[in-house]
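Work through the exercises below with the sequence and the structure side by side, trying each task before reading its solution.

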Amino acid sequence: RYLGVTFAASHAIHLFAIACFAVMDPVGYAASTTIASYIFGGIGYAFIIAMTATSFDRTAALLGTRAWRMLHLTGGYYLLFQFMVSFGKRIPDMPLYALFLIPLVAVFALRMIAIAPRHAALLVGFYGPLAIASVGLTAGALAATWLQTTVGRAPLAVALLLAVGVL
């Protein structure tokens, strides 16, 4: 609970910083944002608000156990994937963003492994390959980014990304 509320507080500060950027440098802000960032970022903030509002005993009880679990599970996965995309798309210009992406992929893989004992059939049929593919795609993306930035061979990087992701 405290980790989630702290996460929400840090993102409230982040939202304030975004608003300051928009007011202080409207041209730079407009150049840095897209309609997609408003849509997907807005959905992310809506999940953060809803999850924070239901992180207390009273509001959680009002929502009910099943709805609370669904909200927090869906919101958590949405935010996880949103951060993975956000960090992943920055890697070609700033390769050190890979250091932020690796823990997110690890968290996702560990989550898939953790639910495996409860859903062993799903692991074999869906979650196992999904976790392996996500780790493979991340490794491929990192290798492709490294090749692109150091060697400059985009076709080779794309082939490597696809090969590692498929394996």
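**Exercise 1. Find which residues of helix α5 are buried, and what covers them.**

Solution. Begin with the burial, where buried means under 20% relative accessible area with a 1.4 Å probe, protein chains only: in α5 the buried residues are Leu71, His72, Gly75, Tyr78, Leu79, Leu80, Met84, Ser86 and Phe87. The model is a predicted one, in which local features need pLDDT of at least 70, side-chain atom pairs count only at pLDDT 80 or more, and totals for chains, interfaces and linings use all residues. Residues are numbered from 1 along each chain as its sequence is written, and side-chain values use heavy atoms, with hydrogens and water left out.

**Exercise 2. Describe how α3 packs against α5.**

Solution. Two packed helices are described by the angle between their axes and the distance between the axes. Helix α3 (residues 35-53) and helix α5 (residues 65-88) meet at an angle of about 145°, and their axes lie 10 Å apart. On the α3 side the contact (heavy atoms within 4.5 Å) involves residues including Phe40, Ile43 and Phe47, while on the α5 side Leu71, Tyr78 and Gln82 are among them. Sorted by type, the residues of this contact comprise nine nonpolar, six polar and no charged.

**Exercise 3. State whether Ser32 is buried or exposed.**

Solution. Locate Ser32 in helix α2 (residues 26-32), and then read its relative accessible area, which is 54%. Exposed means over 50%, so Ser32 is exposed.

Key. Axes are lines fitted to C-alpha atoms, for helices over the stretch in contact, and angles run from 0 to 180 degrees between N-to-C directions. Helices (H or I, at least four residues) and strands (E, at least two) are DSSP runs, numbered from the N terminus. Ala, Val, Leu, Ile, Met, Phe, Trp, Tyr, Cys and Pro count as nonpolar, Asp, Glu, Lys and Arg as charged, and the others, Gly among them, as polar.
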